[in-house]
Amino acid sequence: MSDTVTIIDNKTGKQIECPVLYGTYGPPVIDTKSLYNELGMFTFDPGYLTTASCRSAITYLDGEKGILMHRGYPIEQLAEQSTYLEVCYLLLYGELPTREQYDGFRADLNKRNLVHEHLERFYTGYLYDAHPMAIMVGITGALSSYYHEALDINDPVDRDITAKRVIAKMPILAAHCYKHAMGHPFVYSRDDLGYVQNFLNMMFSLPNRAYVPNPTAIRALDLLMILHADHEQNASTSTVRLSGSAEANPFACIAAGIVTLWGRAHGGANEAVLRMLTEIKDPKNIPQYIAKAKDKDDPFRLMGFGHRVYKNYDPRATIIRKACHDLIDELNTVHQPLFEIAMQLEEIALKDDYFIERKLYPNVDFYSGIILKALGIPTSMYTVMFALARSAGWIAQWMEMMTDPDFRIGRPRQLYIGTEKRDYVPMEKRSQRHD
Ligand code: SDX
């Protein structure tokens, strides 16, 4: 059995052999690099449904079986036994750290857990009610102005420092977005607190009263961040890779990833789910929203449902659903009604042929907003939380790309369907050709 596929142009009879490449898991891929030179054709795959853009060893997911692994470790085990900071180390370096490696990693992050005092001035340019994702795009992009001249992206040491700067500083930028909206003074990062507790402290501590976070809240947020840390070549990660392939500043690449994640079809869905659940308000209204979601003439979609890859239950949604249940029971928050609506909406949708036929299941965003709400994080900050968690995956994927033997600038082609060649017409001779 030769590891090739034959592509035949039935119009000319010309055929080529394309190599088939096999990975550790997942479908093999057809190497079509020679297609244009040998057949004069491009592949056509809008939305990249069946296009592998790179080799990667970081994350593997199987949409049919609902499998998600980071560096070979199943997400269920990482969710149960690891911490977000340990998963950051795993994504970056490929192995779980020893105690010494972990402590060294934390010490390195603590050396970088301040931002230049001038960065605070950027926030004042935003209105108090500016969407925090708009702020995050600007501020993260601005970070590239502090680390540019001295940064050599071809130097592995500089790349490692960059990765630690991103992981150390993103919580600060995110918390400052909230403080800016609240009109509260910014809170400095603290070396003596764990990563997630430090973030919650930067979010909620005030000059007139210390913030003593609930251990349950810390664990719930840590779990949520583990589940959002990386997810293969999703839209925002692909954006970071494409920007990085042009050798752009890595902080600017992360800002580009934030832009893409903000879309409601992607990371913006967690905020959209909460708004949808709040709009539904009462379980008796669920049928009318299900009908809207099925109506082709209605742009409404059931936020938090469906996924490009998972055609089975998103394993992260299963984990978050349970965590949601436990947290609400434990914190006995007022958000029980939202959770009730979410569970009933899920139950009704999963029995509906429209969703069954299209394999539409709850995804990571369906329940995450309820946990964030229970933690007192405002709805407008939900996608910022997603960006904060995913920044580890983005910078890990950027690091991997920078050492990829296939590294080259990404430049897709197209199928041109425009006008045929024509000559320029002076304005006085032009007729009103189109309305
Ligand atoms: C994330 O890629 C990743 O890994 C992303 C992510 C990550 O961790 O990085 O997992 C995070 O982005 C999760 C997805 C969050 N988005 C949402 O919850 C928004 C709602 N979902 C949809 O917009 C949609 O399901 C997408 C965008 C997630 C997936 O879109 P696809 O794969 O392009 O699917 P499609 O649009 O081709 O839909 C197929 C069919 C269509 O109907 P038909 O034309 O076949 O009749 O399913 C329908 C769609 O209309 N459909 C939905 C629906 N999602 C798809 N109908 C109603 N409600 C929905 N949510």
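1. How far is an oxygen atom of the ligand from an N or O atom in the side chain of R316? The distance is 2.7 Å. For R308 the corresponding side-chain distance is 2.8 Å, and for R301 it is 3.0 Å. A polar contact here is a pair of N or O atoms within 3.5 Å.

2. The model is predicted: local features need pLDDT of at least 70, side-chain atom pairs count only at pLDDT 80 or more, and totals for chains, interfaces and linings use all residues. Residues are numbered from 1 along each chain as its sequence is written, and side-chain values use heavy atoms, with hydrogens and water left out.

3. The ligand has 24 residues around it (a residue is near if one of its heavy atoms lies within 4 Å). The closest are H231, H307, R308, R316 and R390. By class, this shell holds nine nonpolar, seven polar and eight charged residues. Asp, Glu, Lys and Arg count as charged; Ala, Val, Leu, Ile, Met, Phe, Trp, Tyr, Cys and Pro as nonpolar; the others, Gly among them, as polar.

4. The lining has 14 residues. Nearest the centre lie E80, L223, K322, A323 and D326.

5. α14 gives the most to that lining, seven residues. By class, the lining of the second largest pocket has six nonpolar, two polar and six charged residues.

How values were computed
A polar contact is a pair of N or O atoms within 3.5 Å; within protein, one must be able to donate a hydrogen and the other to accept it, and residues adjacent in sequence count only if both atoms are side-chain atoms. On a 1 Å grid over the protein atoms alone, a cavity is a set of points where a 1.4 Å probe fits but cannot get out, and a pocket is an open set with protein on both sides within 12 Å along at least five of seven lines; lining residues have an atom within 4 Å of a point. Helices (H or I, at least four residues) and strands (E, at least two) are DSSP runs, numbered from the N terminus.
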